[in-house]
Amino acid sequence: MQVFITVNSDRILRITDKEGAFLTFEISKDEARILSVLVPESRRRKGIGKTLLAASEKLLLTKGINKIYADFTDHAEGVKELLADVGYTMEMSTDILAVPMGVALYSPKVKKALATGQRAVTCLSLSDLTVTRMRKVFDFLADVGADVTGYDMAHCNNRISTAVFDSEGKPISVVLCTDMERDLNVDFLISRYSKDPSYILFAMLGMIEAAKMEGGEERYNRLTMTAYNSNVIALLKSTLSDESNIETISRCMCFSKDISTGDVEMPDIEYKKDEDDYQESVWEREVFDIPFQKNVLWKSKWQRDRDNKEIRGAKGQE
């Protein structure tokens with residue numbers, strides 16, 4: 001079987017058989033994240049997905065990648081079974097919540113928060129930032145250990161995604177959103193000061209004001225968010241609506257596989273570079289290893305791993 005490899009300056013790796021099946025990864029220093037898996041329906045259950053995954057793992061190993069992560073919703077047909085069959089384990093599963101856009105924009109609680117929002121901070125959408133301020137936002141994201149990559153920034157809605165600056169012009173919180181058809185999804189919600197929820201609130205309110213400017217209910221049906229962090233979700237419930245207005249619409253599952261622990265079983269694979277968009281320098285240049293973080297305050301991936309180990313150790317001693 002032939003597979004074709006593309007890797008570009010956004011650190012996006014794509015492996016395809018040129019017959020409609022492909023995988024895309026985002027690569028970092030020693031980890032990779034699966035962004036998409038696609039096998040045409042007419043070619044499923046023939047081992048094509050497994051072959052592409054195995055080919056990807058072998059290639060990633062040679063480039064110093066040790067672990068692969070994958071986040072998928074329960075609507076992704078067959079992905080859970082495919083990953084389980086090739087040795088991926090589910091690290092966590094959590095709800096994806098939705099609030100009607102009208103509630104987010106016009107609930108009495110939001111109106112009150114906006115009315116009393118005379119504060120010594122400035123909320124700006126990313127599309128309104130100067131180059132200097134955007135650099136400060138990138139520095140801020142690196143300082144708080146947020147795994148916000150070039151891919152995430154390129155695909156967010158920069159007219160609604162919001163950065164909050166204090167009176168000295170320093171970023172203190174950021175919310176990044178993406179359009180998911182008629183939903184506005186909150187991907188990252190990050191604060192410099194995890195003990196003060198008001199900074200998260202400022203970012204959320206700035207996002208809501210920007211959403212109004214972009215059409216509000218005419219453009220979006222719902223505001224959605226994955227419930228990674230209980231503090232953020234509690235703030236969402238207390239600020240945007242009564243709990244009865246929040247609906248669980250699906251589940252998000254996080255899978256991982258340590259590919260450094262053993263040999264990958266490989267069929268006969270011939271690798272070919274897709275010369276139209278293959279940049280060897282992406283593999284060679286230094287990539288900063290920033291911990292994984294979604295819509296959390298400080299709970300990074302390595303912290304969750306540490307907590308899980310402590311919990312498992314405590315249970316083992318009982």
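**A walk through the fold**

Among contacts in the protein between residues at least 6 apart in sequence, 74% join residues at least 24 apart; a contact means heavy atoms within 4.5 Å. This is a predicted model: local features need pLDDT of at least 70, side-chain atom pairs count only at pLDDT 80 or more, and totals for chains, interfaces and linings use all residues. Residues are numbered from 1 along each chain as its sequence is written, and side-chain values use heavy atoms, with hydrogens and water left out.

The protein has 10 helices and 13 strands. These are DSSP runs, numbered from the N terminus: helices are H or I with at least four residues, strands are E with at least two. Of the 318 residues in the protein, 49% are buried. Buried means under 20% relative accessible area, exposed means over 50%, and partly exposed lies in between (1.4 Å probe, protein chains only). The accessible surface of the protein is about 16200 Å², and carbon and sulfur atoms account for 47% of it. Such areas come from the Shrake-Rupley method with a 1.4 Å probe; for residues, only the protein chains shown count as cover.

Start with helix H1, residues 48–62. Its 15 residues should span 21 Å at 1.5 Å a residue, and its end C-alpha atoms are 22 Å apart, which agrees. The expected span is 1.5 Å times one less than the number of residues. H1 is mostly covered, with 11 of its 15 residues buried. Among them are Ile48, Leu52, Leu53, Leu59 and Leu60, but also Ser56 and Glu57. Just after H1, Gly64 takes a positive phi of about 85 degrees.

Next comes Val79, in helix H2 (residues 79–85). Val79 is buried, at 8% relative accessible area. Its C-alpha lies 9.8 Å from that of Ser36, 43 residues apart along the chain.

Helix H5 covers residues 131–143. Its 13 residues reach 18 Å from first C-alpha to last, close to the 18 Å expected. Which residues of H5 are buried? They are Met134, Val137, Phe140 and Leu141. These four cover an arc of only 115 degrees around the axis, so they sit on the same side of H5. The arc is that of the directions from the helix axis to the C-beta atoms. On the other side of H5, Val131, Thr132, Arg135 and Asp143 are exposed. Gly145 follows H5 and has a positive phi, near 75 degrees.

Now the strands. E9 (residues 171–180) and E10 run antiparallel, joined by eight bridges. Two strands pair if DSSP finds at least two bridges between them. Val174 stands opposite Ile190 in E10. The hairpin of E9 and E10 has two residues between the strands, and Glu181 there takes a positive phi near 60 degrees. Strand E10 (residues 183–191) is mostly covered: eight of its nine residues are buried. E10 also pairs with strand E11 (residues 222–226), this time in the parallel sense, over four bridges. Here Val186 has Met225 in E11 as its bridge partner.

Finish with the cysteines. How many disulfides are there? The count comes to zero, where a disulfide is a pair of cysteine sulfur atoms within 2.5 Å. Cys177 is in no disulfide, and the nearest cysteine sulfur, that of Cys156, is 8.1 Å away. Cys177 is buried, with a relative accessible area of 0%. Cys123 counts as partly exposed, at 24% relative accessibility.
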